[in-house]
Structures are given as structure tokens and as C-alpha cells.
Amino acid sequence: MKQSTPYDVVIVGSGAGGGMSAYILAKKGLKVLMLEAGRDYKPEEETPMFNTNAEAPLRGVSTPDKPFGYYDATVDGGWTVPGEPYTTAPGKEEFMWWRPRMLGGRTNHWGRISLRFGEYDFKPYSRDGLGVDWPMTYEELAPWYDKTEEIVGVTGGGEFHGANLENTPDSPPGILHETPNRRLHEIMLARGFESMGIPVAPMRAAIIQKPMNGRQACFYATSCGRGCSIKAMFQTTTVLIPPALETGNLDIITDAMVYTVDMGKGDKAEGVTYIDRKTGEHRHVKARAVVLAASAAESARILLNSKNGRYTDGLANSSGTVGKYLMDTVGAATGGHIPMLEGMPPRNDDGMSNSHIYVPWWGYGKQAKGELPFPRGYHIELGGGQRMPGMGIAGLANYSDTAFGKGLRADMRRHYGTEVYLAGRGEMIPNDDCYAELDPEVKDRFGIPVLRFHWKWADHEINQATHMRQTFVELIDRLGGKVTWGGETDGREAIAKGGEIIHEVGCARMGDDPNTSVVNKWGQSWDVENLFVFDGAVLPSNPDKNPTLTIMALAMRNATHLAEEARKGNI
Amino acid sequence: MSHYRSKIDRRTALKWLSAAAATTLAAPKMVRAATYVKTPKGYGTDPDMLNPTSPWDRIMTDRQLQTTAAMTDVILPEDAPHPSPSQIGVPDFINEWVSSPYEQTKEDQKVILAGLDWMEAEAMKRFGKSYADADEGEQVALMTEISASASAQNDFFLRFRKLTLGGYYTTPVGFKDIGYIGNVPLEHYPGPTEEMKAMLEAKMQAIGI
């Protein structure tokens, strides 16, 4: 393929980081090429809105083909991608890696929780001597959070706005959309937490409550995880990519699996090489700057696979930290049955797919006094209510003394909506035991070396998982309920596997020191000045507050910086 | 009990047939299908979500399907206006489930098909007729027996009941019975009524929170 004029920027990936980068750069007038490893995907045409589980094979349950259920908007992926393996180093804890192969990446089926990192989160080392500080403060990123939230559309305001909780920043007035009314079980759970001295806040989720930019407001039905054809839920495929295309400055090639950054003269990148996943052909594209946003681990894989005679340990890796300081989120969950909710009248508990409340970390004071055996916080997500039945509904029979017959029908009705769950999501501190490297043996179906993961949870995280479970068990007990699953309070048993919460970040962290970081505070490689990383790989720490909003705010800020540098002729 | 007739219409049956044909015949020629299908004969990693199909053969014998239909209706008997499971095709779903190529249904397949054969043999031995043809009292008596935790057939009972209840309550008919009133677009989200909130408030105060 002959390319007459080089693009200004080639972006690898179309998810949160890539989608936002393309939106900013195309709007600023740069000629942009986006390469996506998966197929084209159009939520407006493909989303199974309102379909019941009865219409799906096996009532929609998860299978190896669709690990989050039939209707989940994940194309050709999940914990495994056929022909594209990854490995876990022998003797290490398992690491799980969720990857889709579709335009928009994981924003098509993400959890939508959009919490801002707080001031402490940018300077964790300065507070407790663990991990590293960010090369920026909350104040520096705050305006970019504002702008990102305005475009994305984030719910979390209204009646409970302005909680002013420690290290839990609110947005300026007018940005957040009104939070819908609390569901019955949420009123109950909030009261339970408050009886333990734990404050509850409105959930911040990337779902809109009023029409904007050609998107309809949420209509409180049909699960967001399927995608959203009315565009109420944020996906780059409905919110960022279409306006970027409208500028005429963006081209997109799908089924384009990038595996190297190609170097030109001097220490400058010349472009990237990809494999056409349909034909197996290798193609090279040129650009004045390269942006990697393929997801934390995949961006690191590209850098490591870009090694050559000059860069023997991989590109942009003079610090030796590409692939290092991989982090996920600490996860542990518990379910309970609450008799207080038995026999309550039918109500519409659909709401927005997310819970309408959550519990921000409340223990900063105790940690400062050394009263907790773990240094960092977690927030609590929760659920329950009379949601659309899936196969799990059969479990309600366990609460009945009647094994079958008309009495069982009545008991099913009585117990419907009496189950709740609580899930802790906590900060993991980067450590030397958790990283990704190239597997010396295994290659994917295209012949490209794959990643081998090393993983080991530290006591900081295990003790935190213990505390999560203890909190959940206490809450369920206070509500007069019974724990039905996840009652084991040994953190080692409770903690989810590495990668399982799908918040993997790190692998090309930003910093002020070229010896200990891969990129500077603009996501720019220390070694290759026209090479940028605009995805979760740059995060130097992984606060409990789900990373996607911050990935987008950073991408917006850094892409704006890149566009300014390009305008000045510095790229 | 009258003979159970599959509720799968001809159009759906043809869809299965063509999907199955596409998998077995076309796959070797197509790079995409050969590469992406994770479970052979499954629906693949990129199925058409707006036109779902279960492209695998159904393996129950007619006798097993008849026993299935009778058992589902003993577990959730018709309770007007709520129909019984066999009236809305739940036995077809159980057949789909135990016939699936996926790993997680394999144990159900083994236990349930063996259990259905056991029920049939036991009914013939005790009542001199098929379980499906036994009278209500006989059907209930045998079901009562296997629902006891001490029964050697209890694992079968629990697995079968899980599929019956899951199959039933995931349908619009099941929604109506159990009280699911969502899946409808709303302009505003109302939350619970004041009356409901008052009921909850009283219950919370009663336990001191």
C-alpha cells in the first residue's frame, strides 16, 4: 500500500484512550489514522435492546464463547482471544486479561463508574512512603476532568450532591447529571452503612439523564452491558468517534493488529506495522507521531516487540520499566439474603444499570492513625432488587421450605428482590512482583511473541480484602440478613485474581525521572520524542476509583498538548 | 397428561438447521469461522445478537422430553392466570440446555438424562405406566421422594428444578408471575412509592437501624 502523504498522527486503539485522542486531535485539525485490532462495530445497529434472556441461547448465561453472557457487547474476546494467547509465568499467581476485538474496545461493555481520583491519589508516596508520586497534582488534572465529564456525560449530581468527603472530589456545579431516585434496597443498604458510621454517596456513572449532542437520555431499561443504541451510555463508538469522523480528519482501519513501532532516522518513530487480521498481510503506515492506546498491557507488548539492534530491550525502554508495575484493582464480594425485603410489593428496580449509590472509602483517618493493617482505601459497589430475571433466579428456591408445587410459586414471588451483593474495589500498590514481559517461546497465530504475566498479591492487598469481607458480613448481619456467598473473611481466599477486575494499568508509567519511568507527564516517551502513550499504561498508581475516567482526562490533556506541539512545529 | 408438542416453530427450527449447516459445512473454508469459534458447534464469539440461534442438535429422546414436560408441570403447576412451564415451551429450553456443547452444561446433561431415564423406569415399575401418563398423585409422590436430600436422585432433582425455574421465570410469562415490571422505557425513574418506603421504614426501625 503506497501512502502519498504521511498522517500527522497514527493512533493504535479505539477505546477510552484512543477514542479520546482521536476526538481531540481530529478536532484540532490534525490528520489522524486510527488502527483497531477488532472489527467495525455500530451500537446503533447491533445492540439487543429490550431482548429477554428467554430469546437468547441457554437463557443468555455465560459460556466460553461469551464469558459475560450472550448479550454482553464483547466481540471475539473475553478472557481468551482465539489464536492470541497470553501466559502466566510458572509458579506465579494467575493473571487474567480481558480483551475484545471491536471498534471502541472495552468502552462498549465497561462498568461506566466514573470517579475522580482525589488529591491524595496523585501523591501517594508523599503520604505513606509506598509506590510513587504522580508527576502532577489533582489541581492540574481537575480542569480536564471537567471537560471530559462534559463530553462523556456523567451522572452523580442532584439531591445528594456536595458530600465533601475526604479525597473524593466532586465536580463543579452544573457538570454532573441528576442522579435518579434510590431503589428500595439502596435506601435500606444506605441506612445500614450509615448505622455503621459509613457515609454513602450518589453513584457517578457515564450515563446521561438529559439529551445532549444527539444522544437520548437514559430511559431506565435494558442493561448497559449490551451497549446502548440510544447512546445514553458512553461508548467511544457513539460519543467520540462519530464527531471525530465528521471533521474529515480521521481515517479508521479495523482488523488492523499493530505489533511494532517502526523507527526512522535518528531517534524518531516513522510509523507502525500491523497485520490485517482477515488476510494475514503485513502493512506499514507512516505518521509524524505515534500514539499507543492499545490498553496497558498491549501497548507494552508493542513496545517490547519493537526491539531491534539499537533497542535490544524494546523501544522506549532505557529505564527498563516497560511492562513493569502492572496493577489491577483489589476485589472481593459478598452476597446476602435480607428477610426485611420479603413480600414487598413489585416495583420497577431497573433504573440505570449501575447502582444509584456507592460507598466512598471512609477510613483515611484510621489509616493515618495506623489503626488499619493496610495503607490504601477501597470503595463499595452494591446491587440487588427486582432486576430482569436470568438463570440465577432459580436460587431463590433455596429460601423456600417447599420443594415444588404451588407453594414454591408463592415463595419465589415472596423472595424475589431480597438478595443483595456488596463488592469492594480497592487500591493496589505497584510492586516488583507484578509485571508483563515477552514470553520467550509462545507466539500468537500471526507469529508475534505474546505476553507472559507475573503476579503476586502483597499483604497490603490481602489485608484489604479481609477488611472488605468483614465489613460486608457485619452489614448483612446488621440488616438482619444471612450471608449466602462470599462469607469467608480470609483475604487470601477472598481476593479476586490479578486482572479479574479488568482495571489493569501500569506497564509504561509516567514520571519526572527518565530512569524510573517510560513517559513524561505528557505521555511522551523519554527516549523517542514523537512516540506517546495515551492509555492506562501510564498510570503510576491505581487508586480504588475505577481508571477509565482518568484515562480519558489524561488522554484529552495530553492529546491537546500534542496538538499544540505539532502546531509549533515541534513534532 | 397430553402428549407434549415442542413449542419451537418451523421458522426457528429452520434457523437452527441453517446455522448448524453453516457451522459444519462452511467453517473449513472460512478463515474467520475456523479461527474464532471457541467451542465447536457453539454459537461462536461474535453471534448475531438480534437473531439468536442455538446451532446444536437436540439430543433428548421423545420419551425423555415427555418426562421433562410432566416434571416441569409438577414443579410449577398451572396457577391461573399463570400457565405451567410446558404450556410455554420450558421443556424445549431444558432440551436445548442438556444438548449444548458447552463445558458447563456437561454435568447437567449427564445427570439429567440419566435422571429422566430413572424416573421413567421407576414409574413403569411402580405404576405400570410412563411418568408422563401417571396420575397427579403418583407424579407428586415420586417427585416428593427425589426432592428429599437423602434421595440418591436429589442431585438430579435440584439440577432439574434449577432449569425449570430458570427457564420459566426468564420469560415474559414468568416476569408476570414473579412481579418483574421493568424492561419498559420511562421518562423519569420513579423509585419506590411513598407507601413502599413507609413499609421499609417501619421494618428498619423494628430492627433498630
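Student: Why is Ile502(A) called buried?

Tutor: A residue is buried if 20 or more other C-beta atoms lie within 10 Å of its own, exposed if 12 or fewer, and partly exposed in between, with C-beta atoms placed from the backbone. Ile502(A) has 20 other C-beta atoms within 10 Å, so it counts as buried. This is a predicted model, in which local features need pLDDT of at least 70 and side-chain atom pairs count only at pLDDT 80 or more, while totals for chains, interfaces and linings use all residues. Residues are numbered from 1 along each chain as its sequence is written, and chains are lettered from A and ligands numbered from 1 in the order in which they are written.

Student: Where is Ile502(A) placed, and what is its phi?

Tutor: Ile502(A) belongs to the loop between H13 and E18 of chain A. Helices (H or I, at least four residues) and strands (E, at least two) are DSSP runs, numbered from the N terminus. Its phi is near 60 degrees, a positive value in a residue other than glycine.

Student: What makes Cys507(A) buried?

Tutor: There are 31 C-beta neighbours inside 10 Å of Cys507(A), so the residue counts as buried. Cys507(A) lies in the loop between helix H13 (491-494) and strand E18 (531-533) of chain A.

Student: Which residues is Cys507(A) in contact with, leaving aside its neighbours within four places in sequence?

Tutor: Two residues are in contact if their C-beta atoms, placed from the backbone, lie within 7 Å. Among the contacts of Cys507(A) beyond those neighbours are Ala296(A), Ser299(A), Val322(A), Leu326(A) and Ala537(A).

Student: Why is Arg112(A) called buried?

Tutor: Arg112(A) has 26 other C-beta atoms within 10 Å, so this residue is buried. Its phi is near 70 degrees, again a positive value in a residue other than glycine. Arg112(A) sits in the loop between strand E3 (87-88) and helix H3 (119-122) of chain A.

Student: How do you know that chain A agrees with a compact globule?

Tutor: The radius of gyration is taken over C-alpha atoms, and the globule rule is 2.2 Å times the number of residues to the power 0.38. For 571 residues the rule gives a value near 25 Å, and chain A has 23 Å, so the two agree. Buried residues make up 58% of chain A, which has 14 helices and 18 strands.

Student: What describes the packing of H1 and H14 of chain A?

Tutor: Two packed helices are described by the angle between their axes and the distance between the axes. Helix H1 (residues 16-27) of chain A and helix H14 (residues 548-567) of chain A pack at about 35 degrees, with axes 8 Å apart. The axes are lines fitted to C-alpha atoms, for helices over the stretch in contact, and angles run from 0 to 180 degrees between N-to-C directions.

Student: What is the handedness of the crossing of H1(A) and H14(A)?

Tutor: A crossing is left-handed if the near helix is turned anticlockwise from the far one by less than a right angle, and right-handed if clockwise. The crossing of H1(A) and H14(A) is right-handed. The contact between the two helices has eleven nonpolar, four polar and no charged residues. Here Ala, Val, Leu, Ile, Met, Phe, Trp, Tyr, Cys and Pro count as nonpolar, Asp, Glu, Lys and Arg as charged, and the others, Gly among them, as polar.

Student: Which residues touch the most other members of the largest nonpolar core?

Tutor: A nonpolar core is a set of buried Ala, Val, Leu, Ile, Met, Phe, Trp, Tyr and Cys residues joined through C-beta atoms within 7 Å. In the largest one, with 148 residues, they are Val10(A), Val12(A), Ala22(A), Val32(A) and Val290(A). H14(A) gives the most to this core, with ten residues. A second, separate core of 47 residues includes Ala394(A), Met412(A), Trp97(B) and Tyr180(B).

Student: Why is H4(B) called largely enclosed by the rest of the structure?

Tutor: Nine of the ten residues of H4(B) are buried, so the helix is largely enclosed. Its cover includes H3, helix H5 (106-127) and H7 of chain B. Chain B has nine helices and zero strands, and 37% of its 209 residues count as buried.

Student: How many residues of chain B are in contact with chain A?

Tutor: In chain B 59 residues are in contact with 63 residues of chain A. By class, the side of chain B that touches chain A has 32 nonpolar, 17 polar and ten charged residues.
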